[in-house]
Structures are given as C-alpha cells and as structure tokens.
Amino acid sequence: MIMGLLAFESHQGLWNSGYYSQLFGIGGVMITVAILWLSTGYFGGISAPFAPYFWPYLGHLPKKKERKRPVRVYMDGCFDLMHYGHANALRQAKLLGDQLVVGVVSDEEIVANKGPPVLSMEERLTLVSGLKWVDEVIPNAPYEITEEFMNTLFNKYSIDYIIHGDDPCLLPDGTDAYALAKKVGRYKQIKRTEGVSSTDIVGRILLTFKQKEAGRMENTTDANVDVNQNTGPDSCDQVKSQLSNFLPTSRRIMQFSNGQAPSPGARIVYIDGAFDLFHAGHVEILRIARQLGDFLLVGVHDDQAIRDRRGYRPIMHLHERTLSVLAYRYVDEVIIGAPWEVSRDMITTFNISLVVHGTITEGSSAGGIDPYVVPKSMGIFRTITSPKTITTVSVATRIIDNHEAYKKRNLKKKASEDRYYAQKKFVSGD
C-alpha cells in the first residue's frame with residue numbers, strides 16, 4: 001500500500017493528484033491552521049512574520065503611493081532682447097525638473113557686468129513669465145550666484161538644481177558666476193542654442209538702420225535702410241557677419257509647438273503680424289486675443305511681404321520669428337508665412353470665428369490695401385486696444401540712439417562669441 005502511494009506520488013506529484021485531495025480533510029486543515037498561526041497570530045494572539053515562502057509575493061500586494069515633492073529647478077538670465085535661444089534654454093531647463101523658477105537679473109547688475117540693458121525690468125518680466133515652460137519668476141535676481149542667494153534658492157524657493165548653458169558665464173574678475181553651485185553639487189548644464197544671441201541681434205540693428213533716420217521710422221516706409229543697400233566691401237563683410245546663423249529644422253519647431261488641434265466646436269481666434277524683435281507688446285496682445293476664444297491661431301508674415309509693404313526687412317527672419325511666437329503659452333498654432341490679406345478661403349479652411357488686430361501697428365501698408373476687408377464684411381473682425389505702446393521700431397530706436405554704448409557692450413561679447421564659433425565642433429543635444 002505504501003509503495004503504491006509512493007509510486008503514485010512520484011508520477012503525479014502532490015499538488016495535482018488525488019492523494020492531496022484525500023488527505024486534505026485532516027492534514028489540509030492542520031496545515032492551514034499552522035499557516036494562520038505563524039503569519040497572523042490568529043490563534044493565541046501572538047503576532048509572527050509571514051512564512052518565508054510567502055515573502056516573494058509581497059511585492060504584488062497593493063502599496064500606498066507616496067507623493068513625491070516636485071523637482072524644482074532654477075535658471076537665471078538678463079533676457080534682454082528676448083529671442084528663441086532664450087526660450088529654448090528655458091525649455092531645456094524645464095526638462096530637468098518638474099517646475100521651473102526663473103530669475104530675471106536686475107538692471108543694475110546688467111549694467112555692472114555687461115552694459116546697459118535695452119528693455120526695462122517690467123518688459124523683461126512680461127517676456128519671461130509668458131513663456132509656456134516657466135512656472136515662477138524671481139525679479140531683480142543677482143548676476144552672480146552668491147552663497148547668500150544660493151541658500152535663499154534652496155531654503156525659500158525649494159530649488160533642487162541650478163541650471164545654466166554650456167557657454168561660460170564669467171564675472172568682471174574672470175571667475176565663474178556658478179562656481180558655488182558646482183561646488184555643492186547642485187548644478188546642471190544645458191546646451192547652448194546655436195545661431196542667435198542678444199549680441200548678434202544688437203549688431204543686426206546697428207547695421208540695418210541709420211541713426212539719423214531713426215526718428216522717421218514710424219512715419220514712412222522708405223526711411224529704413226535695408227542691409228542690401230549698404231555699399232563698399234567693408235560694409236558688405238560687416239553685414240554678412242551679422243546675418244542669422246540659425247538653421248531651422250522641423251524638430252525644433254515640433255519642440256516649441258503644442259501639437260494640438262482645436263477641439264470640435266472651438267472658437268478659433270486669428271491674429272497676424274510680423275512679430276519682429278519679439279517684445280512685451282506682442283506678449284500682451286496675444287494674451288488678450290487668446291481670451292476671446294478657445295484656440296489662438298497666429299499668422300506670421302514672411303520676410304519679403306514685410307519688406308514690400310513696410311520698406312525694410314525684419315531684423316529676425318521668418319523662422320526665428322515663428323519660434324518666438326510659438327514659445328508663448330497663449331499661442332496654440334502658427335501659420336508660417338501667412339498671407340497678407342485674410343481671404344474667405346483662409347477663414348473657411350481654418351474655421352476662424354474671429355479675426356483681431358491691435359491699435360498699435362508697425363509702419364503703414366503700401367497701396368492702402370486693407371488686409372481685413374473680408375472678415376469685416378463677414379462681421380467677424382474686431383480691433384482690440386493694444387495694452388502697450390512699445391513697437392519693434394521703438395526698441396530698435398533705443399539701441400540706435402545709444403549706439404556708442406551698445407557698440408562698446410557688443411565688443412565685450414563679440415570676441416568670446418567669435419572664439420566660440422571658431423572652435424565649434426559637432427553640437428549634440430537640444
């Protein structure tokens with residue numbers, strides 16, 4: 001009998017045979033009682049750990065999720081003459097954490113370390129706070145990360161890491177402005193954005209416009225000197241050195257884009273313009289336009305259209321201006337190289353509900369053609385009061401009127417930028 005049972009066990013095993021089921025009545029109950037006693041102290045009130053063979057299965061039991069504190073990162077800058085390079089730096093910084101806090105360096109610190117700023121603190125704050133990647137802004141930040149300010153960042157603002165680009169940021173005495181953050185291991189680095197800098201833009205402005213004509217820019221379309229009108233070999237070389245080095249790619253545009261279509265039945269608002277030297281006035285008019293609907297579509301005119309109607313080329317070319325617009329939280333989609341006139345076909349194609357335009361405009365339209373005749377006839381046009389009087393020309397005029405100061409400022413930076421491009425190799429990353 002015993003031999004027969006052993007033979008049966010060896011062929012069928014305990015867990016899938018009738019042998020186990022026959023013994024379950026008595027032995028099974030005893031085994032169950034023993035397991036309960038060892039694991040829960042159910043009998044006798046004595047608590048004991050689970051049997052070892054149950055431990056591997058504990059990972060499958062539901063666990064209470066621990067809510068982790070968001071990673072907060074900090075990045076600072078002057079953000080003077082805001083451009084897509086600034087926006088891309090902040091986009092990269094946001095990828096290194098959950099919340100991005102941005103310090104805007106004070107006017108006094110900029111003067112002491114770089115030269116006079118073009119934009120006021122208020123204007124620079126408007127530009128930075130409107131970017132889609134920015135969660136919080138600290139005004140009047142210091143240029144140098146001192147021990148006192150670093151402790152303020154860590155303790156008051158709960159900053160985990162301080163971010164800066166891979167290009168050097170040196171103080172007047174030649175020391176690294178981020179040395180302390182690196183020393184304590186709370187520093188992270190992002191890639192410099194190729195093809196643009198504030199120094200480059202100032203250079204473009206100084207070469208594009210003549211100082212004596214600055215006062216007439218607002219009142220005429222031919223008072224502005226196009227870069228192609230400069231004469232002489234030296235002048236041509238200077239112009240070529242100040243042309244944009246930006247090489248647009250579809251990947252960069254996708255990084256800036258929301259990538260979302262309007263939902264069914266959405267009220268689509270359309271606004272167009274040059275959006276050259278993107279400034280606080282642009283930010284505010286886009287913010288107001290977005291409040292009038294569910295989806296803001298922005299048309300950015302191409303370089304030739306602007307020159308034909310205003311008499312001068314834009315400082316920033318089409319793709320640079322497109323990225324500047326796309327970087328702002330109020331913008332849902334952009335038409336790159338939008339037609340000057342808003343046609344009925346365009347309104348139908350994009351299902352536009354409302355076309356808007358601000359009261360502050362750049363120059364005048366050649367030929368007196370009203371680009372909004374069709375939306376006006378359809379009753380879907382509205383003029384909105386521009387909240388700021390700042391324009392691209394007024395920003396350029398600030399530089400032209402103080403061209404000696406900005407030339408001196410540019411000379412400080414130009415040598416290091418020329419050295420960077422001379423030594424530049426393959427650039428990877430974002």
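Helices and strands are DSSP runs, numbered from the N terminus. The model is predicted.

**View 1. An open sheet of five parallel strands, S3-S2-S1-S4-S5.** Strand S3 (136–141) and strand S5 (187–190) form its edges. Each has a single partner strand, so one side of each lacks a neighbour in the sheet. From one strand to the next, the twist averages 30°.

**View 2. Pairing of S2 with S3, and the helices that pack here.** Strand S2 (residues 99–105) pairs with S3 in the parallel sense. Four bridges link the two. Val 101 has Glu 136 of S3 as its bridge partner. Across S2 and S3 lies helix H5 (residues 121–129). H5 runs at about 160° to S2. Helix H6 (residues 147–155) also packs on the sheet. H6 touches strand S1 (72–77), S3 and strand S4 (161–165). The directions of H6 and S4 make about 120°.

**View 3. An open sheet in the order S8-S7-S6-S9-S10.** Its five strands pair in parallel. Strand S8 (333–336) and strand S10 (381–384) are the edge strands, each pairing on one side only. Neighbouring strands are turned by 25° against each other on average, direction ignored.

**View 4. S6 beside S9, with helix H11 on the sheet.** Strand S6 (residues 268–273) and strand S9 (residues 352–358) share four bridges in the parallel sense. Ile 268 has Ile 352 of S9 as its bridge partner. Helix H11 (residues 280–290) touches S6, strand S7 (295–300), S9 and S10. The direction of H11 makes about 140° with that of S7.

Key
Residues are numbered from 1 along each chain as its sequence is written. This is a predicted model: local features need pLDDT of at least 70, side-chain atom pairs count only at pLDDT 80 or more; totals for chains, interfaces and linings use all residues. Side-chain values use heavy atoms; hydrogens and water are left out. Two strands pair if DSSP finds at least two bridges between them. Axes are lines fitted to C-alpha atoms, for helices over the stretch in contact, and angles run from 0 to 180 degrees between N-to-C directions. Contact means heavy atoms within 4.5 Å.
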